[in-house]
Amino acid sequence: MADKNTVDENDMLSGNCEMCESEEEVKWYCIDCQERLCEKCRAHHLKNKKLQNDNIVSIRDARENVEVINQNDHNTCVRHGDKQLDFFCETCDDTICQDCLSENHRSHEWNTKERSIKSLKTALSDTIQNFNEKLAKYRDVEEKDRTMHEFIIKRLADCKQSINDVATMICEETMSLRNDYLHEINSIESKEKSRYESKHKKYSSETQELKTSIDDIEKEIRLNNIFHLHVLSKEMKTKSSDFQTPEEYRVLPPSFEKASFQKQKLVAMFGMLKTPEDINAFNDLSLNLKVTHLQTNVRKKIIALCPLDDGSAWLSYSSNGDDAEGTRHENKGRQLVLIDKSLHEKARSCQIDREVVNMALFKSKEILITCFMDTCIRKLSCNGKKLTNFADLSPNYARSVCVQEGGAEVIVCGNAPYSSGLVEKSKNVVLRLSAAGSILQEIRLDSHDPEVFQLPYRVTAFSTGEILVVDRAPDDHRVVCVDKRGRYMYTWRGEGVGDTDPLDITAIGNKKVCLIVDESYNKIYALSKDGCRAKVLLDKKRRAMGPRCIATDSQERVWVGCDNGLIVLGEIYLPYSSSDTAVMLKIYNHLILWS
């Protein structure tokens, strides 16, 4: 970039008019603006109130003075001898001296040169920070996109292998169907590769452009030239809007469902290729909510709850209001209380030496509980009089427990003990247990999957086998879903509802929806079983009051434990219509006042 204070003789005598770029003969030169002018533009220059006092000379005079102009040290004024250029005119984009300011620039936008440089440097530094943030986002999204791409290609390869295995068992009549399926998969694979390559090239190009822009800015800042900084600042303001934050690509890849061999049902036997068209389209759930609130005077946070079939419920609460499991100590305020339908205390459980953090009803007669920093899952009778061990997850801490419909299986998640403030990710697991407490399956997501379990915190499961885990990984709280075989299905980070911080989760029977509580944002969400639809059911505007835990009873009513000793009791029903199926939720808030 040439310095505006340095006039090159060749540039002065050749080229078009710098204002209108016409090919007419250039006869004039404005020393103040340092621009070549044709006759028309000179006339316009002289009519402009802000420019009419500029020093306009002929090209010949400019050529005679070019050596004087070039020999100027860029700190003294060309028009006023040795006057220092201590000011910068924003209107004219030029440095000026005190006399210039008094004569021609008093009505313009101007400032001292030092302040202008400081202002421009600050703006460009902000641009660097903005570009660095966008560069980091590009890198993060590109890495996640690469992982998703590898996962999709792997799943597509698994689908092709399954198709080939089934095809070998079928007679010649199935070959046409087989080829159709493979063609569809290859088409999806080709599109995915093409999409990834295109995105990769785009990310690489824009990443390089960002890096180049940053380098240019840093270079110009070091040079400390007012003209360069000013021009570059304008260029960067325009360029900044060209870089849009990249969107993370998430899609559920095809899966292939095998079927038993039946010649008369060839298509059903061969299987069906599922290709969700757009997993990113989060359509609203048809959920409606009606709430009623009662004010409470008792400030007790409910940590965990477990409703029983008779309408009563066990509650675990903290009397000091501190429910941060990572910092909680064995305090004297620990209590596990049974309340009846009228919210009156019926009983208290003894024998529990640690605070209960999660509970689940087991076969209608007992409740399974996990306690703070405890490796054991315990079994408590519904009357609270008998406490036994159900399973031991040593060396992991038992974090959460849920019971699948019918009580045939129990799903638990465990965390490795803290060591120097860190958690060993490889030891964080989700387990399927039998009704006797023995391990049936250990579910671990590996590096081939887009997600891995980092800190599984709460767990729930549908009757069809899908498991949803609230993972509270540092700076990445999310819901991860796996199928009944333990294969990764999807991750939900608030798509459809905005920023989220999921804390607890429960599945609503066969209604293909789960509910998620979010204490940080004071919200309750509904998420469809396939992860494609989500909706905010209750938020702070409707006085959700810090929902902390959630559970359902045998009548599929929803119980939400909140801050300040508040319970949100929800009743769900499904009205059917020819056009749509809606889920209606009625919420009643009740006061818990301990005598």
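**Cavities, strands and charged pairs**

Reply: The second largest cavity has a volume of about 60 Å³. This is a predicted model.

Me: How many cavities of 30 Å³ or more are there?

Reply: The count comes to five cavities of 30 Å³ or more.

Me: Back to the second largest cavity. Which residues lie nearest its centre?

Reply: Arg-250, Val-251, Leu-252, Met-489 and Tyr-490 lie nearest its centre, out of ten residues in the lining.

Me: And which elements supply at least two residues of that lining?

Reply: Helix H6 (113–167) and strand S25 (488–492) each do. The largest share comes from S25, with three residues.

Me: OK, pockets now. What volume does the second largest pocket have?

Reply: The second largest pocket has a volume of about 820 Å³. Its lining is made of 40 residues, and those nearest the centre are Leu-361, Val-403, Glu-405, Thr-552 and Asp-553.

Me: Which elements give two or more residues to the lining of that pocket?

Reply: They are strands S10 (301–307), S14 (356–362), S18 (397–403), S22 (456–461), S26 (504–507) and S30 (549–552).

Me: What about the split into nonpolar, polar and charged for this pocket?

Reply: The lining of the second largest pocket has 21 nonpolar residues, twelve polar and seven charged.

Me: You listed Asp-553. Where does Asp-553 lie?

Reply: Asp-553 lies in the loop between S30 and strand S31 (558–561).

Me: Is Asp-553 buried or exposed?

Reply: Asp-553 has a relative accessible area of 8%. Buried means under 20%, so Asp-553 counts as buried.

Me: What does the side chain of Asp-553 make contact with?

Reply: The side chain of Asp-553 makes a polar contact with the side chain of Trp-559, at 3.1 Å. The Asp-553 side chain also reaches the backbone nitrogen of Arg-557 at 2.8 Å. Arg-557 counts as buried at 19% relative accessibility.

Me: How many salt bridges does the structure hold?

Reply: The structure holds 23 salt bridges. One of them joins Arg-432 and Glu-409, with the closest N and O atoms 3.0 Å apart. That pair links distant parts of the chain, since Arg-432 is in strand S20 (residues 429–434), Glu-409 is in strand S19 (residues 409–415), and the two are 23 residues apart.

Me: Give me another pair.

Reply: The side chains of Arg-478 and Asp-476 meet in a salt bridge at 3.6 Å, N to O. Arg-478 counts as buried, at 0% relative accessibility.

Me: Which residues are linked in a network of salt bridges?

Reply: Lys-301, Glu-519, Arg-548 and Asp-563 are linked in a network.

Me: Which way do the residues of S27 point?

Reply: Val-513, Leu-515 and Val-517 point one way, Cys-514, Ile-516 and Asp-518 point the other way, and all are buried. In a regular strand the side chains alternate between the two faces of the sheet.

Me: How many bridges join S27 to S26 and to S28?

Reply: Four bridges join S26 to S27, and these strands run antiparallel. Six bridges join S27 to strand S28 (residues 523–528), again antiparallel. Leu-515 is the bridge partner of Thr-506, and the partner of Leu-515 in S28 is Ala-526.

Me: What sits between S27 and S28?

Reply: The hairpin of S27 and S28 has four residues between the strands, and in that hairpin Asn-522 takes a positive phi near 55°.

Me: Last one. Where is Thr-460 found?

Reply: Thr-460 is found in strand S22, and is buried with a relative accessible area of 6%. A polar atom of the Thr-460 side chain lies 3.0 Å from the backbone nitrogen of Ala-507.

Note on methods. Residues are numbered from 1 along each chain as its sequence is written. This is a predicted model: local features need pLDDT of at least 70, side-chain atom pairs count only at pLDDT 80 or more; totals for chains, interfaces and linings use all residues. Side-chain values use heavy atoms; hydrogens and water are left out. A salt bridge is a side-chain nitrogen of Lys or Arg within 4 Å of a carboxyl oxygen of Asp or Glu. Buried means under 20% relative accessible area, exposed over 50%, partly exposed in between (1.4 Å probe, protein chains only). On a 1 Å grid over the protein atoms alone, a cavity is a set of points where a 1.4 Å probe fits but cannot get out, and a pocket is an open set with protein on both sides within 12 Å along at least five of seven lines; lining residues have an atom within 4 Å of a point. Grid points are joined across faces, edges and corners, and a volume is the space filled by probe spheres set on the points. Ala, Val, Leu, Ile, Met, Phe, Trp, Tyr, Cys and Pro count as nonpolar, Asp, Glu, Lys and Arg as charged, and the others, Gly among them, as polar. Two strands pair if DSSP finds at least two bridges between them. A polar contact is a pair of N or O atoms within 3.5 Å; within protein, one must be able to donate a hydrogen and the other to accept it, and residues adjacent in sequence count only if both atoms are side-chain atoms.
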